[in-house]
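Hi there,

Here is the structure I promised to pass on to you. Have a look at it first, and then read on for my notes.

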Amino acid sequence: MERWKMEAIEKCDVMVYTKIFLKFPKKFWPCGPGKEFFIYAHERRGYYTFWQHMENAYPGSNILVVTLTNGESKRVESQSDQETMREAMEVLRNMFGPDIPEASDILVPRWWNNRFQRGSYSNYPIYADSTMFENIKAPVGRIFFTGEHTSERFSGYVHGGYLAGIDTGEALLEEMKAEKDRETNKKSILEPLLALTLSQTEAVACDIHRHLFHANTKREAIL
Ligand SMILES: Cc1cc2nc3c(=O)[nH]c(=O)nc-3n(C[C@H](O)[C@H](O)[C@H](O)COP(=O)(O)OP(=O)(O)OC[C@H]3O[C@@H](n4cnc5c(N)ncnc54)[C@H](O)[C@@H]3O)c2cc1C
């Protein structure tokens, strides 16, 4: 792969965003109209800070979702789910008291350790400029690149991926059309030249022979 492409890819960082799901036998958190989430303040930045319940979307699910990002995501990914459950329960008991029930199940996605993902979405450095975006989405030969990371305006978001897909699709169609035009032009330039090649001369010669043959057979028939 070309150096300019590799440099652009290397400069684009990938952020990890982890939503941990905890299932409980019953609700103990505030819900109802206007109550969607609660926040935990800890001296360690990003330590089980943002909590959401799923009662509005899935009533009776008794599920809490806690969001961790980057450094905390990577730390939690490297430990066992039991250890993460223990930490999360400690945080919840700090907020709601010691009598809350233990979670019956936990789901910890591992976006960072998934070798096909290596993170959740692109996160460009503050010094990123338009050349970097142009290089990251520029095709290399017949290979085209697309995805949320190629969207200059909406990188990191679903709509960035959607809009980038449309743009790349159009660029691909344009390139296919341009390639077809180039082929047609090449043909129209080469055709007169081809007429002079040996095979063409032979073809003309064959045609003369064929005419002569027909002429001869006709003459023989008359005689
Ligand atoms: C936990 C999390 C929370 C998020 N929250 C939000 C949010 O709230 N709002 C928001 O806007 N965005 C959010 N995002 C980001 C959003 O999901 C992405 O920006 C978006 O999905 C990117 O779309 P994409 O089409 O570029 O890539 P992807 O959705 O990653 O699609 C790439 C596809 O290519 C496939 N693929 C990979 N390699 C190959 C291969 N060799 N051959 C064939 N197929 C292959 C993959 O399987 C995948 O289906 C979140 C992401 C994560 C992980």
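**What I found**

Among contacts in the protein chain between residues at least 6 apart in sequence, 63% join residues at least 24 apart. Two residues count as being in contact if their C-beta atoms, placed from the backbone, lie within 7 Å.

Before you go further, please keep in mind that this is a predicted model: local features need pLDDT of at least 70, side-chain atom pairs count only at pLDDT 80 or more, and totals for chains, interfaces and linings use all residues. Residues are numbered from 1 along each chain as its sequence is written.

**The overall plan**

The protein chain contains six helices and seven strands. Helices (H or I, at least four residues) and strands (E, at least two) are DSSP runs, numbered from the N terminus. If you follow the sequence, the pattern in the protein chain is α-β-β-β-β-β-α-α-β-β-α-α-α. Of the 223 residues in the protein chain, 13% are buried. A residue is buried if 20 or more other C-beta atoms lie within 10 Å of its own, exposed if 12 or fewer, and partly exposed in between, with C-beta atoms placed from the backbone.

**Two helices that meet**

Two packed helices are described by the angle between their axes and the distance between the axes. Here, the axes of helix 1 (residues 3-11) and helix 4 (residues 130-137) come within 8 Å and cross at roughly 115°. The axes are lines fitted to C-alpha atoms, for helices over the stretch in contact, and angles run from 0 to 180 degrees between N-to-C directions.

The crossing of helix 1 and helix 4 is left-handed; a crossing is called left-handed if the near helix is turned anticlockwise from the far one by less than a right angle, and right-handed if clockwise. Which residues meet there? From helix 1 they are Trp4, Lys5, Ala8, Ile9 and Lys11, and from helix 4 they are Met132, Asn135 and Ile136. By class, this contact of helix 1 with helix 4 has five nonpolar, one polar and two charged residues. Ala, Val, Leu, Ile, Met, Phe, Trp, Tyr, Cys and Pro count as nonpolar, Asp, Glu, Lys and Arg as charged, and the others, Gly among them, as polar.

**Around the ligand**

The residues surrounding the ligand are Tyr17, Lys19, Trp111, Phe116, Ser120, Tyr121, Gly147, Glu148, Gly156, Tyr157, Val158 and Gly161. The elements that give two or more residues to this shell are strand 2 (17-23) and helix 5 (158-194). A residue is taken as near a molecule or strand if its C-beta atom, placed from the backbone, lies within 6 Å of it. Sorted by class, the shell around the ligand has six nonpolar, four polar and two charged residues.

**Phe21 and Ile106**

Phe21 lies in strand 2, and Ile106 is in strand 6 (residues 105-107). Phe21 is partly exposed because it has 16 other C-beta atoms within 10 Å, and Ile106 is partly exposed because it has 15. How many residues apart in sequence are Ile106 and Phe21? They are 85 residues apart in sequence, yet 5.6 Å apart in space, C-alpha to C-alpha. Leaving aside neighbours within four places in sequence, Phe21 is in contact with Ile63, Val65, Ile106 and Leu107. With those neighbours left aside too, the contacts of Ile106 include Ile20, Leu22, Asp81 and Thr84.

**A few more residues to look up**

Is His53 buried or exposed? His53 is buried, because 21 other C-beta atoms lie within 10 Å. His53 lies in strand 4 (residues 50-53) and touches Trp29, Cys31 and Leu64, not counting residues up to four places away in sequence.

Tyr48 and Ala41 both have their place in the loop between strand 3 (37-39) and strand 4. Tyr48 is buried, with 23 other C-beta atoms within 10 Å, whereas Ala41 is exposed, with 7. Phi of Tyr48 is near 45°, a positive value in a residue other than glycine.

Asn70, in helix 2 (residues 70-77), also has a positive phi, near 25°. Asn70 is partly exposed, with 18 other C-beta atoms within 10 Å.

Enjoy exploring!
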